[in-house]
Protein chains: 8
Amino acid sequence: MDERHLRVLLQQLKTDAVDIDAVVERLRAMPVQDLGFARLDTHRELRQGFAEVVYAESKTPQQVATIMQRLCEHHERVMATRATPAHFSAVAALLPQAVYHEVARIIAVAPDQATCPLAQPAVAVVCAGTSDLPVAEEAAVTLETMGRAVLRRNDIGVSGLHRLLDALPELQAAPLIIAVAGMEGALPGVLAGLVRAPVVAVPTSVGYGAAFGGIAPLLTMLNSCASGLAVVNIDNGFGAAHLAARILAMGKG
Amino acid sequence: MDERHLRVLLQQLKTDAVDIDAVVERLRAMPVQDLGFARLDTHRELRQGFAEVVYAESKTPQQVATIMQRLCEHHERVMATRATPAHFSAVAALLPQAVYHEVARIIAVAPDQATCPLAQPAVAVVCAGTSDLPVAEEAAVTLETMGRAVLRRNDIGVSGLHRLLDALPELQAAPLIIAVAGMEGALPGVLAGLVRAPVVAVPTSVGYGAAFGGIAPLLTMLNSCASGLAVVNIDNGFGAAHLAARILAMGKG
Amino acid sequence: MDERHLRVLLQQLKTDAVDIDAVVERLRAMPVQDLGFARLDTHRELRQGFAEVVYAESKTPQQVATIMQRLCEHHERVMATRATPAHFSAVAALLPQAVYHEVARIIAVAPDQATCPLAQPAVAVVCAGTSDLPVAEEAAVTLETMGRAVLRRNDIGVSGLHRLLDALPELQAAPLIIAVAGMEGALPGVLAGLVRAPVVAVPTSVGYGAAFGGIAPLLTMLNSCASGLAVVNIDNGFGAAHLAARILAMGKG
Amino acid sequence: MDERHLRVLLQQLKTDAVDIDAVVERLRAMPVQDLGFARLDTHRELRQGFAEVVYAESKTPQQVATIMQRLCEHHERVMATRATPAHFSAVAALLPQAVYHEVARIIAVAPDQATCPLAQPAVAVVCAGTSDLPVAEEAAVTLETMGRAVLRRNDIGVSGLHRLLDALPELQAAPLIIAVAGMEGALPGVLAGLVRAPVVAVPTSVGYGAAFGGIAPLLTMLNSCASGLAVVNIDNGFGAAHLAARILAMGKG
Amino acid sequence: MDERHLRVLLQQLKTDAVDIDAVVERLRAMPVQDLGFARLDTHRELRQGFAEVVYAESKTPQQVATIMQRLCEHHERVMATRATPAHFSAVAALLPQAVYHEVARIIAVAPDQATCPLAQPAVAVVCAGTSDLPVAEEAAVTLETMGRAVLRRNDIGVSGLHRLLDALPELQAAPLIIAVAGMEGALPGVLAGLVRAPVVAVPTSVGYGAAFGGIAPLLTMLNSCASGLAVVNIDNGFGAAHLAARILAMGKG
Amino acid sequence: MDERHLRVLLQQLKTDAVDIDAVVERLRAMPVQDLGFARLDTHRELRQGFAEVVYAESKTPQQVATIMQRLCEHHERVMATRATPAHFSAVAALLPQAVYHEVARIIAVAPDQATCPLAQPAVAVVCAGTSDLPVAEEAAVTLETMGRAVLRRNDIGVSGLHRLLDALPELQAAPLIIAVAGMEGALPGVLAGLVRAPVVAVPTSVGYGAAFGGIAPLLTMLNSCASGLAVVNIDNGFGAAHLAARILAMGKG
Amino acid sequence: MDERHLRVLLQQLKTDAVDIDAVVERLRAMPVQDLGFARLDTHRELRQGFAEVVYAESKTPQQVATIMQRLCEHHERVMATRATPAHFSAVAALLPQAVYHEVARIIAVAPDQATCPLAQPAVAVVCAGTSDLPVAEEAAVTLETMGRAVLRRNDIGVSGLHRLLDALPELQAAPLIIAVAGMEGALPGVLAGLVRAPVVAVPTSVGYGAAFGGIAPLLTMLNSCASGLAVVNIDNGFGAAHLAARILAMGKG
Amino acid sequence: MDERHLRVLLQQLKTDAVDIDAVVERLRAMPVQDLGFARLDTHRELRQGFAEVVYAESKTPQQVATIMQRLCEHHERVMATRATPAHFSAVAALLPQAVYHEVARIIAVAPDQATCPLAQPAVAVVCAGTSDLPVAEEAAVTLETMGRAVLRRNDIGVSGLHRLLDALPELQAAPLIIAVAGMEGALPGVLAGLVRAPVVAVPTSVGYGAAFGGIAPLLTMLNSCASGLAVVNIDNGFGAAHLAARILAMGKG
């Protein structure tokens, strides 16, 4: 029951087509999502300008293709994360306009993917080493699929500090930084001490030995002495991008 | 060596008061912070409008008082976190304008603490249970000391969902939410699914048994299925507030 | 807004005292708990016959006393867990009928505490060693405060199997067993293999060395080969009792 | 030695066919299960109406088939968990009436599987996301194989709270809820705060990064602030169902 | 019901003083420990020559004293572990013959404590550092209280290998070695490679940093490449001694 | 340098063929194993009657075959653990008398494997479930290859206590018990409370969910309230057998 | 901008070809690495005599080959770690002088690999067991590729102490020892107590059960009672060698 | 038996005062430390110029004083770590020349403590924050007590990178760096990427929340992408200093 239906019902009450008891009963019984128009309606708006997302990892190629096709009927921007080439083959058969970002493992359908919106101030997505690239690309492509400009700077980990300092002027101009790092994970904390923008830190499961599948960089980032950074789950490039998009959308109601 | 000194040096070169070798040597030897005018000068601006912060926990009352007094000579907003009443006694003797926020364990000096700046849209600081209050208050008072308006909603944990839903309309109006929770820590993830604002999640060490000093809510928050939230360290209310202030300052250069 | 207010509002609509827009606005804005008459009203019933509970550990004696006094105005059964003798002194000054169960660390107000309701089939609360007694008593006294009969059998851990077998006939007659154990925590699993009743297992933080504050018995219980048992948090005697009460109340809707 | 044999022996003593020493020796030597008539005889009854269960994971298809065939000679309801299609092929060759539940990975033989016993109040088996489905189905099919009606509600995780609230009226009518969740695992705790029934929580190993193979949801569930829920092992859908069956059988002797 | 009572009962049957039904009922109802004469009677023998043990840590001085006094009525050797001087004061008031071993934290009553039984081959109790001494002494005094000779060699950790090699000839003569070590815990494994006797390894919680309360030496001992050693719980000197006594008693039925 | 060479050297000194300085130098430089005749010579004796063991897991079939052939030139009993059928093929080509124990994954060469030495009192090797069988068999076959009689009792885990009690009389007759268990690992502790023999506990990596590859049963065994048991590494059936052999060899120096 | 360019710029200022503002701007804008001549120029020197290293694990054979070829244009010593035979095939096609060290998994290009520089005092690289060999070889070959002499001693773990003592005289002559060990990891600590040289300890992931992929030896090494050793990451043979090379280069500026 | 005694013995053999059998017996029986003159004699030399060290934490003031006094009879440099003021009072009564370093918690007796040996190149001891100071001072004072010059640079953590860069020229001149850091522990890795000297990393237990008593910085340091650093135990400033002293003593054998 949406607002239009509610108004019809109240109109019927007003014209004695139904009585008060009947209205009370209808209200009592209406599904929660119907009540949503008052309180839970933010979901639609929330996602305006946002992509609909399919987590491909535990789904068959055919399932992913079917879901994306259905989503494309109602949404302008649709994407699947953790997608394999096999997923893409199935999707491309149904949605020829779909694009596969191999390193990011993302299948994307978006109107402006080609014409990267450089006019906006670009979110910086940086990573410490080349092996962090898949996670960083997941973040970057997610942002681009959502219509955001991205500035990529890779391989600027703290063990070669000059590379980081070299990239610093550009990073200081970014409104927001997503910093991806595995192994010891020190990059986001160092960066947060050098810039004024908020830093979203993404630990990766890259590394061996005592990296423990990402626990080491996760702890490093949580314990950073620098203020102004927050952490998302290990390898969660998508989540970092989604948070960034929320932050960028602040104040735009 | 700041820009003025550099110009003097170059002027001297131009007038042969020094030779090229001497200038090269001076540049070679100049301390890194002097170079900062080019690249590292953001620090000053970064902190404009921000409080200078003393971490009181490992310091004596006298040390905290001395540091705060010195900071007050140059800064308008100064605060100490994890401060005890004993810390406050020492500070108040030197800085009569200081205020002690007991639950938040913060000593604050700020021009507008009294006149809470309600005109701004207020950051929501919410917590799941009353025992999470000290951490939530650390976040809230930090924001207020930085000159930000705060909307507090306490005790709205997910085990009594109606309280959360009751507070929802107000929370949906906030530009940013800091959500503090111990024990199972589910509040931030549930909230992130209901609002459009970014959510900064703060796990607390509240709880017993398998809460393991905050590990349980930390993991819950990192693994939240909801997009749009990021996590700071256990009990780090200050860090969440500082990140929030950075986010709110975005685009204000 | 409860049902009565809703009817008044609809009546006003019917008589043109308000228009449809106003009703829609009122419905849109009404607090969630008001909607509860449809869906969230179970809370009241849920607690019928149940005790209202105060977690005393992080509260001052005066706070506990005040809260309990206020709860007693509306509830027949009120209790505080993790309460110290100091908590009890403060409570007893306001509520002379309160009783302090020292081992269980519970302050209880209940009409039938004295006359233990032996007519009902008693829930068995058993523990492996004498050091598990505080947790077992927390469970037992909670049940009694909720008006349930309890059969206590202590010190029947598996390292002296004859004691367990000795108590078996009585335990096999219980409709439900709460089994409390620290150290290696094997009692609940062994018991679940010998009885037909469901077993609620409570690990305790009793033990030293590799017991790791209750992790060892917790893992033992989770991994039990025996079917028919479930686990609550370490030292959470209250939680086990509350679950037991829910199970016993099944079908009495 | 069962009771009949004991009576024969005592009769022989009475008629001097044996002497007292011989009887003492016979009693001393009699196998423990024979003594069972006094104390351990609950096992047979315990399993009445319950399925005999084979854990297929570490067994060859031929072993599973042979064991199930043998069990079917004496039992009406027999099932194998963690079974692959290969297991089923071997079983179906011997037991044509066997049914394979692919998602649940269960091979079942039961008289009433086809005619789902809808007259009973149905146990609710809910899960947070589609990837939790195998574990939820293991629970649901186990209950059905034991002759219990099941109400399934999938994909109602807390990150989309409206779906949960939508399902709430049905769930509030269930006598018992099995709630399955991976990732952050908040569903069971939220649910326990909304219903009156006991909730059996099953963490799953679904998730990535800091989910740590199910540790994150396990801790969330153990630490839930809501009373009235207990936890079984990670991915242990069968165990949850078996506990549920025990609870439902309470008071039916 | 012991054997004597059983014979009386059977005699009564034989003489028609009772009938078969009555005997069956008596047997059916007899407490499990009574059945023990057949199978569980090893307990008495098991403890012959062994001390009765009280774990003092969680008990008051008066409780320990009372329990020890009662045990002394029936047993020759009685001891309390983890005992404080306050425990001893209370015990000594009731049992003047009790002896307090301060480092071992044991109160012992034993007939031959004074005259150490040097004729037997002595169990070697060795420890790596002086801080492991309390645990090693708990093992040594336990053995002596049980009437066993002990050879002590302290401070022979592997970081000063010459001390270990120096003690080697004596250790090679011991029938059994208890090796106690904290920090890195390498002593038992090195020792097991040098002697022919079985080695019981006891990790201690001595150490700091990454020793993690005994986890480090525990893991070291479990992973020792040397065959011929087994591990008991952290700080469990008593347990090691008890196991040693069992091993020494083998074949003495 | 063995004793014979030393005597030659001293003879040369006596006859002035060498001078004192030269002897001192030779002694100073002599390899440690030469000194061994004094102190480290126990190794030969230590292994008398013991098998030489090859850990096959990280070796190629050809390597294992070559090593075993070489060992067989000097030793009567040789075995390889963690061996695959491929290992066995390579070994059998060189050593036709070798036997492959498939469940135990052991290749063995021993004189008396066929004629099991039943005259000796047999070590009991028991396991909780059928999935623990490979580890239990590794222990049992190791003992048999070392010339020890073994009593096997499988599938007597504590969740079906009657099976354990049924096997108890035989187990109480064993001089030593090796108890193997995965999942919750309670069997060894329960057993240690019922027998007089020392119990060597072996946790296995069998299980799922919160068994964590054997950590759960390992902790259970370390924390057992029962005295008289010690623990070896997870899945280390060989180590348990080797320790057992050392214990059985005590006093036969 | 290097020093030469700076001098040109200053010369231009001196001759009025540019003005002061232009020089300030150029300095302000110059990339950080250009400033490096003053402070960060150590990198070049640092690596003199050192190999350029490619981490092959996450790269394709073609990528590794291309990178190594490019590095060889500027460097005398180039190596790839964690390289497979497939990597080597691709590299050898481009760089015929490359050598593949199979156990070490290293592809190396170095002028003096053939003529091992035995004149230098050799760094000792020792390992506890044969399964630690790949990690030890990674360290040894890295050192040799860097032009360092290496003394290898394998299989000298502490469970057979005589082998260690046998190798001791040679080890005592080494200026530095790299000690590699898995399982219980006691070798480096024992060694550090016997020699005067610094010991770099490398834990390996060799082992099973409670070795936990290298955590056990890592903790052992960190907690060693012996002074004079430090630890690198699990399996990090390369890192140990690189640290050793740094130490050996000390004082050679 | 030292070399002198051996020569006497051989002389006796030469003069027939003893026979060969007697010499063989004497050699066979001589204590291991006597053999030490050949192989284990490095200990004395090893410690030349090194301090004798007492670990005060687990000792009484009187014990520490007595041990230090005895050590001072034979050694020039003696120190106690983890010493309290109470320890110092007791020591000062016996050794008036002793000095107490309060922050470092070290009591030292050394000839040249006053006249800091500035001629040598100084080891740099740096720490990230002021709360790491006690551990850094433990390292620095240990080195000074051993007669080494120390360059201290405190509070140069990576969250304020300019402070680190500012100190860089001095640090680049140091032959060896000890870098101490808690919280996220990134300093040593960043430093190792900027200098040519080996870096000894010391994690501290400073921090809160997810720092877990030093685990977070420990993992950060182990996983550093930078080569050329190694790690010692948490808070082990003494161990880092001792390793540094060993490295500095290399080649001075």
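Reader: How many salt bridges cross the interface of chain D and chain C?

Author: A salt bridge pairs a side-chain nitrogen of Lys or Arg with a carboxyl oxygen of Asp or Glu. Across the interface of chain D and chain C there are zero salt bridges. This is a predicted model, and the count is computed from its atoms.

Reader: What is the count of residue pairs in polar contact between chain D and chain C?

Author: Between chain D and chain C, 13 residue pairs are in polar contact, both residues being at pLDDT 80 or more. Several elements of chain D give two or more residues to the side that touches chain C: helix H4 (42-47), helix H8 (161-173), helix H10 (215-222), strand S9 (229-231) and helix H11 (237-249). The largest share of that side comes from H11(D), with six residues. Sorted by class, the side of chain D that touches chain C holds 23 nonpolar, ten polar and four charged residues.

Reader: How many residues does the contact take from chain D and from chain C, and what area do the two chains bury between them?

Author: The contact takes 37 residues from chain D and 37 residues from chain C. About 3,200 Å² is buried between chain D and chain C, 60% of it on carbon and sulfur atoms. In chain D, the residues that lose the most area to chain C are D:Arg196, D:Leu222 and D:Arg246, together 22% of what that side buries.

Reader: Why can the copies be said to meet through the same surface?

Author: Because 100% of the interface residues of chain A are also interface residues in chain B, the copies meet through the same surface. In numbers, 37 residues of chain A are in contact with 37 residues of chain B. The area buried between chain A and chain B is about 3,200 Å², and carbon and sulfur atoms give 60% of it. On the chain A side, A:Arg196, A:Leu222 and A:Arg246 lose the most area to chain B, together 23% of what that side buries.

Reader: What are the counts of salt bridges and of residue pairs in polar contact between chain A and chain B?

Author: The salt-bridge count between chain A and chain B is zero, while 13 residue pairs are in polar contact, both at pLDDT 80 or more. Among the elements of chain A that each supply at least two residues to the side touching chain B are helix H8 (161-172) and strand S9 (229-231). H11(A) gives the most to that side, with six residues. By class, the side of chain A that touches chain B has 23 nonpolar, ten polar and four charged residues.

Reader: How many salt bridges are there over all chains?

Author: A search of the whole structure finds 53 salt bridges over all chains. In chain C, the side chains of C:Arg152 and C:Glu144 meet in one, at 2.8 Å from N to O.

Reader: Are C:Arg152 and C:Glu144 buried or partly exposed?

Author: A residue counts as buried when its relative accessible area is under 20%. C:Glu144 has 15% relative accessibility, so C:Glu144 counts as buried. C:Arg152 is at 27% and counts as partly exposed.

Reader: Which parts of chain H does the pair of H:Glu137 and H:Arg152 tie together?

Author: H:Glu137 forms a salt bridge with H:Arg152, with the closest N and O atoms 2.5 Å apart. H:Glu137 lies in helix H7 (residues 133-145) and H:Arg152 in strand S6 (residues 150-153) of chain H, so the pair ties together parts that are 15 residues apart in sequence. H:Glu137 counts as buried at 16% relative accessibility, and H:Arg152 counts as partly exposed at 26%.

Reader: Which residues of chain A are linked in a network of salt bridges?

Author: The network links A:Glu137, A:Glu144 and A:Arg152. As for the chain as a whole, chain A has eleven helices and nine strands, and buried residues make up 61% of its 253 residues.

Reader: Where is B:Ser224, and which residues does B:Ser224 touch?

Author: B:Ser224 sits in the loop between helix H10 (215-222) and strand S9 (229-231) of chain B. Not counting residues up to four places away in sequence, B:Ser224 touches B:Gly189, B:Leu229 and D:Glu184. At 11% relative accessibility, B:Ser224 counts as buried.

Notes. Residues are numbered from 1 along each chain as its sequence is written. Chains are lettered from A and ligands numbered from 1 in the order in which they are written. This is a predicted model: local features need pLDDT of at least 70, side-chain atom pairs count only at pLDDT 80 or more; totals for chains, interfaces and linings use all residues. Side-chain values use heavy atoms; hydrogens and water are left out. Contact means heavy atoms within 4.5 Å. Buried area is the accessible area (1.4 Å probe) that two parts lose on being put together, summed over both. A salt bridge is a side-chain nitrogen of Lys or Arg within 4 Å of a carboxyl oxygen of Asp or Glu. A polar contact is a pair of N or O atoms within 3.5 Å; within protein, one must be able to donate a hydrogen and the other to accept it, and residues adjacent in sequence count only if both atoms are side-chain atoms. Helices (H or I, at least four residues) and strands (E, at least two) are DSSP runs, numbered from the N terminus. Ala, Val, Leu, Ile, Met, Phe, Trp, Tyr, Cys and Pro count as nonpolar, Asp, Glu, Lys and Arg as charged, and the others, Gly among them, as polar. Buried means under 20% relative accessible area, exposed over 50%, partly exposed in between (1.4 Å probe, protein chains only).
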